[in-house]
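Below are my notes on the model you sent.

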Amino acid sequence: MPRPLMLPLLLLALAGCQSTPPPAQADAGQEASVAATSSEAAVEVVQPADFSTWLAQFRRQARAEGIGEATLARALDGLRYRPRVIELDRHQPEFVRPLWEYLDSAVSAQRVNQGRAKLADHRDAAEAAARRYGVPAEILVAIWGIESNYGGNFGDFSTLEALATLAYDGRRRDFARGELLAALRIIEAGDIAPQRMIGSWAGAMGHTQFIPSSFEAYAVDGDGDGRRDIWGSVPDVLASTANYLAEAGWRRGEPWGVEVRLPAGFDYAQAELSTRLSAREWAERGVRSLSGTPLPDFDTASVLVPAGANGPAFLVGPNYRAILRYNNATSYALAVGTLAERIAGRDGVMAGWPRGEQPLTRGQVRELQERLNAHGFATGTPDGILGPNTRRGLRAFQRSIGEAADGFATLRLLDALR
């Protein structure tokens with residue numbers, strides 16, 4: 001899901017992404033009825049006693065902020081509280097899939113073949129967007145595939161009901177209220193009817209999962225019909241996605257990155273996005289492309305080793321960081337880049353993954369942090385999140401026991417600390 005370019009990282013970002021192929025496909029332009037598709041449509045949901053009071057107050061505020069009465073009636077009359085949205089909002093999964101398992105599904109043979117077919121079906125629209133914004137057609141189709149499996153699963157929640165529920169009872173109420181107002185403005189502008197505004201529980205909408213504020217800022221009319229329709233118009237979907245990436249800093253003519261071979265004795269403390277050197281400087285340090293071709297001519301690039309010293313390594317440039325602006329997760333950005341390569345007929349990731357290693361749950365990461373701190377390898381306040389401080393402390397511990405200091409957290413290392 002694309003994040004607002006001027007806002008900090010939102011925990012909602014991952015909620016709109018479909019990491020595995022859904023069970024069914026839907027053609028672009030298919031009309032969707034909230035009542036027909038909602039997972040709660042056939043269930044009588046008890047509404048909180050004061051939800052209607054909250055909604056009436058929000059309606060007055062929206063009117064005061066310029067939303068017309070006709071739009072308010074179309075969008076808010078009969079709006080329901082959705083308990084399932086709150087369940088999902090408060091759910092914090094304990095287990096995180098290994099990166100290689102995520103990529104297995106996100107860049108499956110089925111998704112690659114379907115992406116090639118979709119690109120062939122919509123080549124004119126994809127190439128028009130690529131010419132206008134400088135983002136390759138394969139990247140646009142890859143984002144489409146990962147966000148909604150090419151439109152097969154972009155969610156069945158009413159965006160209005162999801163955002164109203166989150167604004168009433170969610171963890172980020174002010175944010176959700178702002179997004180709900182943006183959704184009303186989109187409806188008032190005539191881009192979409194309320195009943196067709198559907199998407200994920202977190203408010204991400206359409207084929208490439210724009211939240212309403214991102215839609216307002218970056219959605220464009222790609223087919224010339226005067227509306228921005230990311231639910232039913234593939235040209236609009238591709239052009240809007242390209243516009244977002246262009247605004248996020250995409251550089252025309254540059255790749256997102258390349259798989260590389262690191263020299264013996266490489267200092268893995270340099271393998272952080274915050275460490276940026278030119279491709280020439282990385283080459284001087286012994287970094288080589290795995291294919292043997294010259295490194296891309298990046299003026300600023302970072303080395304990534306997302307699975308440690310025993311997994312693949314990548315040299316990534318500004319376009320990789322532009323993909324991260326769409327969804328700030330290493331797994332997501334690598335999936336987009338790799339799927340785009342495969343759709344274009346090039347190789348995917350060539351080096352093997354350390355599939356025998358067991359990644360840590362959030363609780364185990366918290367324990368790892370606590371034990372590293374206790375042994376003098378500072379990680380900061382334990383929070384269960386593997387960030388730069390945790391990797392720094394873990395690398396120090398690895399050096400102390402004579403291992404490659406790659407900062408890759410595994411159950412084996414946690415057992416060593418125990």
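1. Helix axes here are lines fitted to C-alpha atoms, for helices over the stretch in contact, and angles run from 0 to 180 degrees between N-to-C directions. Helices (H or I, at least four residues) and strands (E, at least two) are DSSP runs, numbered from the N terminus. The model is predicted: local features need pLDDT of at least 70, side-chain atom pairs count only at pLDDT 80 or more, and totals for chains, interfaces and linings use all residues. Residues are numbered from 1 along each chain as its sequence is written, and side-chain values use heavy atoms, with hydrogens and water left out.

2. Helix H12 (residues 234-247) packs on helix H14 (residues 318-326) with the axes 9 Å apart and an angle of about 115 degrees. Thr241, Tyr244 and Leu245 of H12 meet Ala322, Ile323, Arg325 and Tyr326 of H14, where contact means heavy atoms within 4.5 Å. By class, this contact has five nonpolar, one polar and one charged residues. In that scheme Ala, Val, Leu, Ile, Met, Phe, Trp, Tyr, Cys and Pro count as nonpolar, Asp, Glu, Lys and Arg as charged, and the others, Gly among them, as polar.

3. The crossing of H6 and H8 is right-handed. On H6 the contact residues are Arg111, Gly115, Lys118 and Leu119, and on H8 they are Ala137, Glu138, Val141, Trp144, Gly145 and Ile146. The contact of H6 with H8 has five nonpolar, two polar and three charged residues.

4. Four strands form an open sheet in the order E4-E3-E6-E5, with antiparallel pairing; two strands pair if DSSP finds at least two bridges between them. Strands E4 (288-289) and E5 (302-304) are the edges, each pairing on one side only. Strand E3 (residues 257-261) is joined to strand E6 (residues 313-316) by four bridges, and Val258 stands opposite Leu315 in E6. E5 and E6 pair over three bridges, with Ser302 partnered by Val316.

5. In a regular strand the side chains alternate between the two faces of the sheet. Both faces of E6 are covered: Ala313 and Leu315 on one side, and Phe314 and Val316 on the other, are all buried. Buried means under 20% relative accessible area, exposed over 50%, and partly exposed in between (1.4 Å probe, protein chains only).

6. Most residues other than glycine have a negative phi. Tyr150, in the loop between helix H8 (137-148) and strand E1 (157-158), has a positive phi near 60 degrees. Gln209, in the loop between strand E2 (198-199) and helix H11 (212-218), has a positive phi near 55 degrees. Tyr150 is buried at a relative accessible area of 1%, and Gln209 is buried at 0%.

7. Gln398 counts as buried because its relative accessibility is 2%.

Methods:
A crossing is left-handed if the near helix is turned anticlockwise from the far one by less than a right angle, and right-handed if clockwise.
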